[in-house]
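Colleague: I would like to learn how to read a model like this one feature by feature. Could you take me through it, giving the general idea and then the case at hand?

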Amino acid sequence: MKSRENLLRLKHFKVEDRTRQLTQIDLMIGEFVRMKEELDRQIAIEEEKSGITDPTHFAYPTFAKAARQRRDNLGGSIRDLEDKRQGAVDALAEAEEELKKAEMLENRDSNAADPVVDNQIERRAMIG
């Protein structure tokens, strides 16, 4: 029975760990989105100050060029994290399914191994 209890604890730990990973990915995505939006605002301000909105123009602000590059990099990072998030969602669903199976097995075994229940069943069989 000890090994089953340990297995159940392990499954609970896996679910908690996968949930924690998913939460961290969601937080990172949210932070990157906020950073990207802030860069968009900064780019717009720089373009408004200079009056030039074409990044290929020779007088386009250097800060705006750098901010655009950083914004684009953040966009790529967000897409990568969204892919990782989907993998984390799948891993969490798998861990939850394993936990359900382990709990059902534990419940089934604890009910079957209960000597009081076994004795009651035997008595009824002898009486009936």
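Colleague: Of the contacts in the protein chain with a separation of 6 or more, what percentage comes from residues 24 or more positions apart?

Modeller: Please keep in mind that this is a predicted model. Residues 24 or more positions apart account for 72% of the contacts in the protein chain with a separation of 6 or more. The chain itself has 3 helices and 0 strands, and its elements run α-α-α from the N terminus on.

Colleague: Where in the protein chain is confidence lowest, and where is it highest?

Modeller: As a general idea, where pLDDT is low, the predicted coordinates should not be read in detail. In this chain the average pLDDT is 87, and 84% of the residues score at least 70. Confidence is lowest in helix α3 (residues 115-127), with a mean of 48, and highest in α1, at 94.

Colleague: Which residues make up the largest nonpolar core?

Modeller: A nonpolar core is built from buried residues of nonpolar type whose side chains are joined through atoms within 4.5 Å. Here the largest such core has 12 residues, among them Leu8, Val15, Leu22, Ile78, Leu92 and Ala102. Two elements, α1 (2-50) and α2 (62-112), each give two or more residues to this core, and α2 gives the most, with 7 residues. A second, separate core of 7 residues includes Leu39, Ile52, Ala67 and Leu74.

Colleague: With which residues is leucine 92 in contact, leaving aside its neighbours within four places in sequence?

Modeller: Once those neighbours are set aside, leucine 92 is in contact with Val15, Arg18, Thr19 and Leu22. Val15 and Leu22 also belong, with Leu92, to the largest nonpolar core.

Colleague: Is glutamate 47 buried or exposed?

Modeller: The reading rests on relative accessible area, where under 20% means buried. Glutamate 47, which is found in helix α1, counts as buried because its relative accessibility is 12%. Apart from its neighbours within four places in sequence, glutamate 47 is in contact with Ile52, Thr53, Tyr60 and Arg68. For the chain as a whole, 22% of the 128 residues count as buried.

Colleague: Which residues make a nonpolar surface patch of about 270 Å²?

Modeller: That patch is made by Leu7, Leu10 and Phe13. Phenylalanine 13 is found in helix α1, and with a relative accessibility of 46% it counts as partly exposed.

Colleague: How many salt bridges does the count come to, and which residue forms one with lysine 11?

Modeller: A salt bridge is read from distance, with a side-chain nitrogen of Lys or Arg lying within 4 Å of a carboxyl oxygen of Asp or Glu. By that rule the count comes to 11 salt bridges. Lysine 11 forms one with glutamate 98, their closest N and O atoms being 3.2 Å apart. The pair links distant parts of the chain, since lysine 11 is in helix α1 and glutamate 98 in helix α2, 87 residues apart. Lysine 11 is buried, at a relative accessible area of 14%, whereas glutamate 98 counts as partly exposed at 25%. A network of salt bridges links Lys11, Lys14 and Glu98.

Colleague: By about how much of a helix are aspartate 17 and arginine 20 separated?

Modeller: They are separated by about one helical turn, because they are 3 residues apart in helix α1. Aspartate 17 forms a salt bridge with arginine 20, with the closest N and O atoms 3.7 Å apart, and the side chains of aspartate 17 and arginine 18 also meet in a salt bridge, at 3.8 Å from N to O.

Methods: Residues numbered from 1 in each chain as written. Predicted model: local features only at pLDDT ≥ 70, side-chain atom pairs only at ≥ 80, totals over all residues. Heavy atoms only, no water. Buried < 20%, exposed > 50% of the residue type's maximum accessible area, 1.4 Å probe, protein only. Helix = DSSP H or I, 4+ residues; strand = E, 2+ residues; numbered from the N terminus. Contact = heavy atoms within 4.5 Å. Patch = residues over 30% accessible without salt bridge, like charges linked within 9 Å, V, L, I, M, F, W, Y side chains within 5 Å. Areas by Shrake-Rupley, 256 points an atom, 1.4 Å probe, with all protein chains shown as cover. pLDDT = per-residue confidence, 0-100.
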